[in-house]
Amino acid sequence: MPNFNLSDSVFEGALKRFPTPFYLYDEAGIVKTVRDVQSAFSWNKGFKEYYAVKALPNPEILKILMKEGCGLDCSSYTELLMAQKLGAQGEDIMFSANAMPAFELAFAAKLKATINLDDRSDVELLHQNGGVPDLLSLRVNPGSEGKGHNNIMGGALDAKFGWMPSQIKEGLMTLKNLGLKRFGLHAMTVSNTLNRDPWVHSASYLFHLGAELEKETGLKLDFINLSGGLGIPYKPEDKAVDIQKIGEEVRKAYQSAFGGRQDVRLFTELGRFVTGPHGFLVARAIHKKEIWRDYIGLDACAANLMRPAIYGAYHHITVLNKKDAPKDKVYDVTGALCENNDKFAVNRALPEIKIGDVLVIHDAGAHGHSMGYQYNGRLRSAEILYTAEGDYRLIRRAETPEDYFATLNLD
Ligand SMILES: *Cc1c(COP(=O)(O)O)cnc(C)c1O
């Protein structure tokens with residue numbers, strides 16, 4: 001089920017202070033979810049969630065997560081810079097890029113971030129740019145070799161990420177000669193899954209592979225990074241994944257691979273699962289059009305939330321103060337882009353909408369604002385934090401045309 005935790009009055013409070021469209025994030029919800037994750041894996045003493053910065057790269061959100069004990073999973077130089085500005089350093093930062101530019105590797109090494117190498121060609125690149133540290137992570141692409149431990153991971157064959165399992169031992173031996181002492185393994189084989197199994201299987205696969213490589217290389221297996229990919233219930237019929245159950249199943253897989261041993265740290269890089277349900281895009285109906293179908297035009301568009309346009313993703317929509325009204329109309333809910341896929345919903349049953357009504361687009365707290373763009377000169381919206389104390393804080397102002405022009409030469 002989509003997230004309905006915030007009452008209409010919370011949105012009304014924000015609307016009194018800020019013009020639409022804007023994103024509203026629920027601090028209490030984010031904190032509760034991250035604590036649930038930590039509790040599910042608390043059996044592992046070294047457990048750490050590295051929040052995937054790209055999902056919601058707002059410093060105020062990242063500060064909340066850091067206060068809860070999270071590290072930051074960065075995917076670019078700019079995200080590393082943001083982490084640095086927030087005071088993160090060393091093992092607070094995980095750096096997972098692919099096709100890594102040399103200067104990014106060098107900067108990650110300078111911050112002493114834990115670097116997640118995506119390919120064997122990165123070994124020489126790192127050696128030349130920053131040097132091989134004590135501890136590194138290697139990103140695994142199980143391809144069909146993952147089938148030894150489960151039969152779900154064949155989908156990795158056409159993924160661009162990670163090393164083939166058969167390349168890793170040699171890579172680790174090369175790294176050992178260059179000074180590596182400890183290693184971690186990382187894999188992200190699914191995205192937005194509501195099914196526990198692939199996630200738990202991936203954990204089991206990495207545990208066994210790590211134990212094997214430790215024996216073969218004499219390097220210490222320091223951590224297993226289960227990465228992100230857990231889904232959230234976008235649709236009314238979707239069921240949330242039970243994170244406690246996942247924690248328990250991963251614990252069993254850990255025991256079966258490592259016996260009584262407890263020193264292998266467990267990491268996650270959940271993005272969507274942690275903040276996704278706790279962000280809402282709030283927009284106003286500014287246009288109504290009745291042709292072959294009935295259209296409601298909003299003051300937000302795909303440039304503010306791209307997922308429906310590019311993946312056909314479902315986001316639940318509610319109309320403020322019409323919770324109990326019958327859903328006896330069918331609308332396409334659109335933005336203003338000159339692009340026919342600029343639709344937040346197609347053929348959606350909704351209450352009758354009048355111009356001026358406020359629509360809340362649910363579960364937009366991850367890969368929402370951050371995927372925004374400026375096509376058609378449409379600008380990215382403000383972001384507002386609904387704090388645990390019940391206040392509203394502008395944590396990113398809306399872009400203005402001056403921002404759009406800032407990279408251009410108009411003289
Ligand atoms: C995108 C990404 C994540 C987060 O994915 P979610 O689907 O938001 O959980 C974690 N790790 C890496 C390396 C990623 O690229």
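Biologist: Which residues form the nonpolar patch on the surface?
Modeller: In this predicted model, Phe405, Leu408 and Leu410 make up a nonpolar surface patch, and together they have about 300 Å² of accessible area.

Biologist: Where is Leu410 found, and is Leu410 buried or exposed?
Modeller: Leu410 belongs to the segment that follows α12 (401-405). Leu410 counts as exposed because its relative accessibility is 59%, and the cut-off for exposed is over 50%.

Biologist: Turning to the ligand, which residues come nearest?
Modeller: There are 15 residues around the ligand, and Lys54, Gly229, Glu269, Arg272 and His367 come nearest.

Biologist: What does Lys54 do there, in terms of distances to the ligand?
Modeller: An N or O atom in the Lys54 side chain is 2.7 Å from an oxygen atom of the ligand. Arg272 places a backbone N or O atom 2.7 Å from a ligand oxygen atom. In Ser227, a polar side-chain atom is 3.4 Å from a nitrogen atom of the ligand.

Biologist: How much of the ligand does the protein bury?
Modeller: The ligand taken alone exposes 390 Å², of which the protein buries 91%.

Biologist: New topic: how many salt bridges does a search of the whole structure find?
Modeller: The search finds 20 salt bridges. One of them joins Arg196 and Glu249, whose closest N and O atoms are 3.1 Å apart. This pair links distant parts of the chain, with Arg196 in helix α8 (residues 196-217) and Glu249 in helix α9 (residues 243-258), 53 residues apart.

Biologist: Why does Arg196 count as partly exposed?
Modeller: Arg196 counts as partly exposed because its relative accessibility is 26%. Glu249, at 24%, also counts as partly exposed.

Biologist: And what about Asp222, which residue is its salt-bridge partner?
Modeller: Asp222 forms a salt bridge with Arg265, and their closest N and O atoms are 2.6 Å apart. Asp222 lies in strand β8 (residues 220-225) and Arg265 in strand β9 (residues 265-268), 43 residues apart. With 6% relative accessibility, Asp222 counts as buried.

Biologist: Which strand does β16 join, and how do the two run?
Modeller: Strand β16 (residues 382-386) is joined by 4 bridges to strand β17 (residues 392-396), and the two run antiparallel. Tyr386 stands opposite Tyr392 in β17.

Biologist: What lies between the strands of that hairpin?
Modeller: The hairpin of β16 and β17 has 5 residues between its strands, and Gly390 takes a positive phi near 90 degrees in this hairpin.

Key: Residues are numbered from 1 along each chain as its sequence is written. This is a predicted model: local features need pLDDT of at least 70, side-chain atom pairs count only at pLDDT 80 or more; totals for chains, interfaces and linings use all residues. Side-chain values use heavy atoms; hydrogens and water are left out. Patches are made of residues with over 30% relative accessible area and no salt bridge: like charges are joined within 9 Å, nonpolar side chains (Val, Leu, Ile, Met, Phe, Trp, Tyr) within 5 Å. Accessible areas come from the Shrake-Rupley method with a 1.4 Å probe; for residues, only the protein chains shown count as cover. A salt bridge is a side-chain nitrogen of Lys or Arg within 4 Å of a carboxyl oxygen of Asp or Glu. Buried means under 20% relative accessible area, exposed over 50%, partly exposed in between (1.4 Å probe, protein chains only). A residue is near a molecule or strand if one of its heavy atoms lies within 4 Å of it. A polar contact is a pair of N or O atoms within 3.5 Å; within protein, one must be able to donate a hydrogen and the other to accept it, and residues adjacent in sequence count only if both atoms are side-chain atoms. Two strands pair if DSSP finds at least two bridges between them.
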